[in-house]
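Hi,

Here is the structure I promised to pass along.

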Amino acid sequence: MNDASDALSDREWRLIREDVRPGAMQMALDEVAAETAAQGGPRTVRVYSWKPSCLSLGYGQDPETVDWDYCEREGIDVTRRPTGGGGIYHDNYGDVAYSIVAPKAELPGDLMDCYHLLCKPILDAIRAVGVDVDFVEDDMPVIWHPACYLRALHPAHDMVAEGRKVAGNAQYRRRDAVVQHGSLTYSVDADTHLDVYSGHDVTPGEFRDRVVGIDELVDVSREQFVEVLESKLAAFVDAEEGSWTDDELERARARVEEKYQSDDWVRRTPRDS
């Protein structure tokens, strides 16, 4: 694992510090970053948050599981991720997101090996603020399948602290690049996380039995945690602080209009995918 990490640090990497944008733009930027890396440009590690708060649907998720009226009334965006799994409510304050993007040829071909390599700085960051975290080992059964945090947990990419989920990670592989992104729970808003969905009877108490926020476990501010996460990501690949180019931002905005904000993408049914 150290050899793999050392090999990554020999490449050109940029760190993009916490980037606050709407969810559709965040998904478009991940996609554009993959194109940049595949074309010989810098690989990217970044931290980001969602403004306004956003429900991101899994790639194959049924839109009928969403309470669209509630999301519209509360000003919550809805987009769809290119990664699988269920929906995730990304609270602007409570959710801290990251992504790691690199050419596919530079990463392990085995999915488990790739997850465990790219999750290392995430585990390091959560542990650095005093949380005892690791990949889930014990069987944790599904509570309600459409919600990502209430699905059965997987030892490849689900992280737990004190027996509850604190972070989830996912990958998608384009022809020449890999994007791994994840959601780290700094603070839990169980009521809203459930209210964005329809067709369930899960209680906030049941949600909190499954999910924990970092702020419940240790005394660390969100700003401090974000700084630690940025530092661990940068150190993992020896990244230099960087930013998006004007061309990348322009392409991402176009991708938002064409894809991540369009009903054809966001509201499509599973059979359409």
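The protein chain carries 30 positive and 54 negative side chains, with the centres of the two sets 4 Å apart. Lys and Arg count as positive, Asp and Glu as negative, while His and the chain ends are left out. Each charge is placed at NZ of Lys, CZ of Arg, CG of Asp or CD of Glu.

Before you dig in: this is a predicted model, where local features need pLDDT of at least 70, side-chain atom pairs need 80 or more, and totals for chains, interfaces and linings use all residues. Numbering starts from 1 along each chain as its sequence is written, and side-chain values use heavy atoms, without hydrogens and water.

**Burial**

Of the 273 residues, 57% count as buried (under 20% relative accessible area; exposed is over 50%, partly exposed in between, with a 1.4 Å probe and protein chains only).

**Aromatic rings**

There are 5 aromatic pairs in the structure (Phe, Tyr or six-membered Trp rings with centres within 6.5 Å; planes under 30 degrees apart are stacked, over 60 edge-to-face, the rest tilted). One of them joins Tyr-59 and Trp-265 edge-to-face, at 5.9 Å centre to centre and 65° between the planes. Those two residues sit 206 apart in the chain. Trp-265 also pairs with Tyr-260: their centres are 5.6 Å apart and their planes at 80°, so this pair is edge-to-face too. Within it, Tyr-260 is buried at 0% relative accessible area and Trp-265 is buried at 9%, whereas Tyr-59 is partly exposed at 33%.

Cheers

Definitions and conventions. Helices (H or I, at least four residues) and strands (E, at least two) are DSSP runs, numbered from the N terminus.
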